[in-house]
Amino acid sequence: MKKLMTGNEALVQGAWEAGVKFASAYPGTPSTEILESLTERKEVKSEWAPNEKVAIEAAIGASIAGLRSMASMKHVGVNVAADPLFTYAYTGVTGGFVLITADEPGQHSSQNEQDNRNYAKAAKIPMLEPATSQESKDMMKEAFTISETYDTPVLVRVTTRVCHSKSIVECENRVEADFSDYEKNVKKYITVPAVARELRKKVEQRMIDLADYSEKSPFNFIKDNGKKIGVISSGVCYSYAREVFGDEANYLKLGFTNPLPDRMISEFCKDLDTIYVLEENDPYIEERVKMLGFVPHGNDTFPPYGELTPDVIRKSLYGSELPTISYDKDMVISRPPTLCAGCPHRGIFYDLGKRKNVMVAGDIGCYTLGFSEPYNAMDFNICMGAAFSAGHGAQIAFDLKNEDKRVVSVLGDSTFFHTGINSLIEVLYNQSKTVNVILDNRITGMTGHQENPGSGRHADLSDAPIMDIEAIVRALGAKNVKTIDPNDLTLVKETFDWALGLDEPSVIITRWPCVLKKLSQQDQEEFQDVFKDKYKVDQDLCIGCKLCIKAGCPALSYEPATKKTIIDRNQCVGCGVCAQLCKKQEAIVKEER
């Protein structure tokens with residue numbers, strides 16, 4: 001049966017056909033839909049994990065015990081998961097194990113751009129790189145066979161355009177993989193140094209064996225058009241290359257890319273006049289081609305960052321792009337990303353942005369937008385879960401320099417469960433005087449409302465125990481803890497004044513649901529008045545002071561002709577922050593929805 005599928009859906013189809021029985025993940029663009037799609041396959045036990053390290057560890061455990069298992073995450077998530085991955089590369093598997101890394105050339109929604117093909121090389125594990133949805137399914141299926149045949153975890157590397165583009169996939173039936181028998185084997189799974197040194201030798205022999213597989217893999221092939229120009233590429237770059245060069249070049253399409261097929265590359269290159277290596281980000285293939293004695297054009301011709309789309313390739317080669325429709329860019333209204341109307345983080349950043357001598361250490365989430373206008377509240381962010389510990393370090397620096405500056409660190413509820421707990425332990429253990437804010441909007445907002453340990457539901461939306469953030473914080477040893485409504489600006493100000501007046505660590509939990517969240521039964525019981533009102537501006541009373549605009553709410557706009565503010569009724573959800581800022585407070589009034 002043929003179906004139209006995204007690459008992410010096809011990866012799931014391949015895993016399902018291969019008989020995978022357990023999957024774990026942490027959401028992150030462009031990988032999120034993989035586990036979401038898996039929850040619809042009832043033969044697979046699918047779970048959201050608090051972070052990527054935990055996800056891969058759970059999948060490894062299931063694999064050791066005999067199940068075909070998988071973990072999926074975005075590229076930066078593999079950094080978190082790298083510790084168990086590198087050791088599992090030594091021990092090998094019982095049931096087949098596959099890790100999917102979804103890389104993001106062009107970093108449309110990520111804090112950095114990294115090429116995770118380097119992880120396969122560093123960990124010494126085989127890697128597959130699909131270019132289409134059909135290949136995503138086929139390679140995922142084959143990955144489990146490779147894993148069990150060569151006793152190794154397998155890395156499947158996809159990129160944004162493969163994850164989210166749709167093409168036709170030939171689907172097949174699921175083949176139930178037998179449960180592999182688990183037998184206690186301390187010489188395989190107890191990695192004390194005496195054992196690990198022997199496993200190290202096994203890893204090297206495995207890579208030699210896999211090099212032979214790479215030469216024979218059907219995912220590595222040559223398309224000979226009888227030309228003197230040759231293009232070597234992998235992943236979606238193969239499709240881009242075919243679009244630009246057409247039949248005017250020969251192609252070496254690489255799908256199994258660690259180890260690379262040296263003999264095939266040499267055979268392809270030996271009679272060519274010009275060799276291009278088209279790959280996004282790092283010169284992973286290009287360096288190997290050079291090591292084999294050839295002189296390809298790669299990073300000397302194409303940019304080493306961003307997406308290598310056909311227009312970028314054409315401009316790099318010919319200095320121009322194909323003609324396209326021109327438009328008056330002055331007519332396009334700039335729409336920078338902003339917090340949603342009614343976002344519960346708004347009141348926090350409004351208050352923080354006004355404070356002097358305060359550094360705000362941020363984290364990864366929607367709330368990173370607190371750095372921008374009109375708040376200008378956030379000073380820096382590093383990576384997921386780093387806000388509290390990095391803020392602690394900054395506070396030490398200010399104290400040692402005798403600077404009168406305080407640090408307020410902010411992160412979200414899902415981020416708290418991810419690695420923020422460890423970060424807070426660092427603060428509490430070392431008794432930092434930082435103010436640590438957990439923005440609890442009752443869901444994982446940034447990636448599209450995935451459940452987390454605090455939301456009360458599992459990945460399949462079945463009921464789950466709710467991890468009480470305040471109870472956890474107090475259990476860690478925090479003495480100064482307050483949970484507040486972030487839409488109450490007076491309460492927000494008083495709470496920050498209280499926390500900044502302390503000479504020891506404090507924790508502020510702001511608890512209000514994300515405005516886009518579908519409220520659970522627990523939410524409806526706890527937040528009974530949420531999103532039930534709207535506000536409007538009394539045009540006769542508005543004096544046009546624009547103080548309400550400083551709330552940064554996209555539902556508010558200022559009309560130059562009338563010199564009045566108006567509220568878009570379709571966007572307003574009644575948080576009331578703008579009404580609290582109004583100089584003439586009776587000018588912004590509540591009305592029933």
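Before the tour, a word on the ground rules: residues are numbered from 1 along each chain as its sequence is written. Because the model is predicted, local features need pLDDT of at least 70, side-chain atom pairs count only at pLDDT 80 or more, and totals for chains, interfaces and linings use all residues, while side-chain values use heavy atoms, with hydrogens and water left out.

Let us start with the cis peptide bonds. Thr29 and Pro30 are joined by one, and Asn258 and Pro259 by another. Helices and strands are DSSP runs numbered from the N terminus (helices: H or I, at least four residues; strands: E, at least two). With those labels, Pro30 sits in the loop between β2 (22-25) and α2 (32-38). Pro259 belongs to the loop between β12 (256-258) and α11 (262-269).

| Cis bond | Omega |
|---|---|
| Thr29 and Pro30 | about 10° |
| Asn258 and Pro259 | about -5° |

Next come the positive phi values. Asn281 is not a glycine, yet its phi is about 80°. You will find Asn281 in the loop between β13 (274-278) and α12 (284-291). Asn281 counts as buried, with 3% relative accessibility. Buried means under 20% relative accessible area, with exposed over 50% and partly exposed in between (1.4 Å probe, protein chains only).

Arg442, also a residue other than glycine, has a positive phi near 70°. Its place is the loop between β17 (435-440) and α17 (469-475). At 4% relative accessibility, Arg442 is buried too.
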